[in-house]
Amino acid sequence: MNRLLVSAFALALSAGALHAQTLTAVLNADIRSTNPGVNRDGNTDAVVQHMVEGLVGYAEDGSVGPLLAKSVDVSPDGKTYTFHLRKGVKFHNGATMSSADVLWSWNRYMDPKTDWRCRSDLDGRNGLKVVSATAPDTGTFVMEINEPNGLFLDTLARNDCGGTAVLHKDSVKADGSWDKPIGTGPFKLGEWKRGQSIELLAFDQYVSPKTDKRDGLIGLKRPLVKEARFMVIPDAATVKAGLLSGSLDLALVPESDVPDLKNAPNLALAIAPNPVRHGLIIQTRDPVMKNQALRQAIAAAIDFPELVANVSNGLGKPNNSPIYMTSKYFGEAEKQGFKYDPAAAKALLQKAGYKGEKITILANKRSSVPSFNTAVIAQAMMQAVGINAEIEVLEWATQLDRYNKGNYQMQAFSYSARFDPALGFEQISGPKDKQPRKIWEDPEALALIQKAMVVTDTAERQKIFDELHKRFIEQVPTIFTHNDLDIIAHNKRVTGVKPWASQLQLWEVSVAK
Amino acid sequence: MFRFALTRIAMALPTLLIVAVSVFVLIRLIPGDPAQLMLGDLATPASLADLRTRLGLDQSLPVQFGIWFGNVLHGDFGQSISSQQAVLPLILQRFLVSAQIVLVAVVLASLFAVPAGVIAAWRQDSALDIGLVGAATLLLSIPTFWLGLLLLLFFGLKLGWLPVVGYVSIADDWKAGLLYLVMPIMTLFLHEMGVVLRMARASTLEVLRLDYITHARAKGLSESAVLWRHAFKNAFGPTWTLIGLVLGNLLGGIAVVETVFTIPGLGRLLVDAIFARDYPVIQGCMLFVAFTYVLVNLVIDLCYPIFDPRVAAE
Amino acid sequence: MNGHGRMKLPAPNALVGGTLIAILLATAGTGALWTPYDPLKLSFREKLVAPGALHWLGTDEFGRDVLSRLMAGAATSVWISILTVTLAVVMGTTIGLFSGYMRGWTDRIIMAFNDALLAFPGILLALGLLAVLGANKYGIIVALGIAYTPSVARVVRGTVLSLREREFIAASRVMGNGEGFTMLRHILPNCIAPLTVLATSMFGYVLLAESALSFLGLGVPPPAPTWGNMLAGSRPYIDQAVWLGIFPGLCISLTLLGINLLGDALRDKLDPRMRGAR
């Protein structure tokens, strides 16, 4: 990297001066790689999707739509998918994308040597299998699957699969190992300084999938700055200081920082809910917790508006449903959650025959989730009705291990985003004998979830989800409190910031001189 | 001298081996593993098993240790699980960042604190002595992370003189790089000044009590001549040893300061690796830190005769 | 050495250090029995209230009274430190006595382990042990106790080695006393002076280590307060509620100052030759 640029950047940082056309965003940890869907985590996905795109992608409301494809046809038997590619789409190296590149990318993903994270979801090991993939002409790509599946396109679009991005074959070295992403996204990879920053450069020849409006990954996506940079800053307090001093342009911030940042003259906030669900998960096989009346008592003991207001600094709204609030399936039925009623809670405790057995809530202090605060407040509310609740704070890796082994009574836990409610239910449900991490084992519920995976009709799915929601509230296998909020604090000289899907998107964002 | 060095290194080998084995076992006793962390709440038993196999975590502990240790003996410390970088270059790169801060802070602190300590000892029990020792004790008593926070709050936020975010390598741009190092160095410098001053004073006091000082005084040498020619020179030996210990300890304990100022140093690397259960990085870091500790002490011991001719290296 | 039979006022370090520690112990004692407010009681209407008449030192992000938490925290922190030091001293003395008295290969092996532990940054040791033992008050006591054992063992072993060949030890042996008896009767008492000095400074280290571990996110973070986790928890509110970080920081600093000064004074008293040494 040339010295001039670094020093100019450093100067901008130290003096808080404006450096036009450069956008400085924040990541709380370094990305794992630039290899889509292979070595990844949430931050990696967020950065990589600036550089690469797949055939289909997520719209703002969580539905899947065409991205590099212009349209997708599904055969009447639901097994053959024909993707008509957009014309004139360019890779970062200037080459024009064709169905040959799509096929090459697909074959690379399905090669075990690539270690693509989602291979097992598409090669039959988890049911769904792509039987064949062909490129009959330069503008068409055809995939055939073993049985009709309502979630096939959703799987291809998944963030953790890297959106099944289409890559130019020069993205890998001669020996087949990963080099760098040569994709079709609005930004090219600049310099990646490990542990410090990732630089993205505008791709001048980028063409947005839609040109009328922004719509998640499949709308307007123009790069409006010449250079954008993700700085790696793990510490929230440092991020706040950087925003206040003007050296950082935009960052996702925790709710606790909002009161402070709201009053800063140079900053503005953009806030929107996302599909991440926060709550208290329960081990329904625990000798104490298997008692359904006790679980109902706990749910009745918690004053959700109060709890949510406190852990989200007054910004969040309670939602007890496994279906997130901005989903198109979140309707009247899903709004019927738990009722806060301390008297009823006490009665339920009596009915449950509760004799003061200790209930331990596990929590962690990661700044990205309200785990610890939720546990503290829930503990106080449970104690208020006579439940002997305790908190044990663990480091995240340890808590996750206990989750995977099913070894806990309650945990203040957060489920990562799943756009489709069927997948959202599947995340928490399943037989514990096979997968100890699963929470909800009601066989009828499991059957309903399976059905929702295959059915494609919206109205019919809605009915299934309503029924699942009702059972969930009745049986209390888990107490969801609220959905996560994306809060982006940004400098006022930055325009076009839009919070979506818990990740920063730097396209359509510009910086005033 | 050469044989002395060899013997010392040979003596350190068992210590290093114990460190290697115990780190290896301890880190695997801790619940959670890198595969789980990489997959998060989306892990299925199949994907977990796949990943564990790929990372070689499905083999028995002795086999895993054998493979790792064999590679280490060939100079290969493996690859980071989370970033896939080679461990040894990663450690060296991070070490340089930490070392520049620690070295500058300790050297600066010694420059001020050693003479101050000698003077305090020379004027033992005077108001000056009490004042210096009091100040040193006060500096020593402030936790570095709190001191760092206060500096950050004052110079970074209130006055806006120094950058609060990030890090620029001196190699890339020394001017900007220096700006980022001011506060971390100041934090360590203030703290270490307290430590070193007290050491220097104590060792000077020891020396002042020895017969040959009395002798020198009896010969009619002026006080300042006694102090500088005899006391200072001889008191520096033990202080030097202790500075070595401080250096060794600091490299292990600098994580706190690096966390406050978000500096990509060795301490932060280790703590992050622990959170991420990045086994190769943790093992490499620990072995490296233990090795540095041994090495620093060896160098200090070898230099000892230069400052104290009475002690020959045996 | 420094007495000529005259009555002297206590040294200034003993006076200041003693006063600070007396205040600490009084606070801890009071905090264990009584605090102005319930230190765990959440009060959502009074979040992050600045210091004032109702809450002398303000409230935290859950509306809990900071003064009450500091008092209760003093009790917890002092208790943790005392137990940790006791544990380290007991284990270290046993190992040191044994190793120093056995000498030979036993000594060499024990000391190799000892040195390995010393070359180990405490962070990893504490995290590892905490994870195995469970993250609670007793977990950290055992973890830090084990971490500090090697330095005690070293000091005791050194003392034993220097005493072994002295006349009165030989005399005890000649008189037909068993090894064990000689150790307890003659060697152990001679270790008390250096141990007292070491234990005093260790008390400070433990306090510091507990807060540093909390700061790194590896410590004991229960809802019950310790000074360390209060300070660590104040980090996100650094410019919004300065008092959250200032007061626990001050408490830790003043306590360490008191301990260091008292330690100096103790050393002067118990080991005049080492006057002023670290």
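Keep in mind that the model is predicted. Chain B comes in through the surface that touches chain A, to which it gives 35 residues.

**Chain A**
- Chain A has a radius of gyration of 24 Å, which agrees with the value near 24 Å for a compact globule because that is what 513 residues would give.
- Along the principal axes, the C-alpha atoms of chain A fill a box of roughly 70 × 60 × 40 Å.
- Of the 513 residues in chain A, 51% are buried.
- If you take the contacts in chain A between residues at least 6 apart in sequence, 69% of them join residues at least 24 apart.

**Chain C**
- Chain C has 278 residues, and 51% of them count as buried.
- For contacts in chain C between residues at least 6 apart in sequence, 69% link residues at least 24 apart.

**Where chains A and B meet**
- The contact is made by 39 residues from chain A and 35 residues from chain B.
- On the side of chain B that touches chain A, at least two residues each come from α2 (34–39), α3 (45–55), α7 (144–158) and α8 (174–208) of chain B.
- The largest share of that side, four residues, belongs to α3(B).
- By type, the residues on this side of chain B are 17 nonpolar, 13 polar and five charged.

Notes: Residues numbered from 1 in each chain as written. Chains lettered and ligands numbered in written order. Predicted model: local features only at pLDDT ≥ 70, side-chain atom pairs only at ≥ 80, totals over all residues. Buried ≥ 20, exposed ≤ 12 C-beta atoms within 10 Å, placed from the backbone. Contact = placed C-beta atoms within 7 Å. Rg over C-alpha atoms; globule rule 2.2 N^0.38 Å. Nonpolar A, V, L, I, M, F, W, Y, C, P; charged D, E, K, R; others polar.
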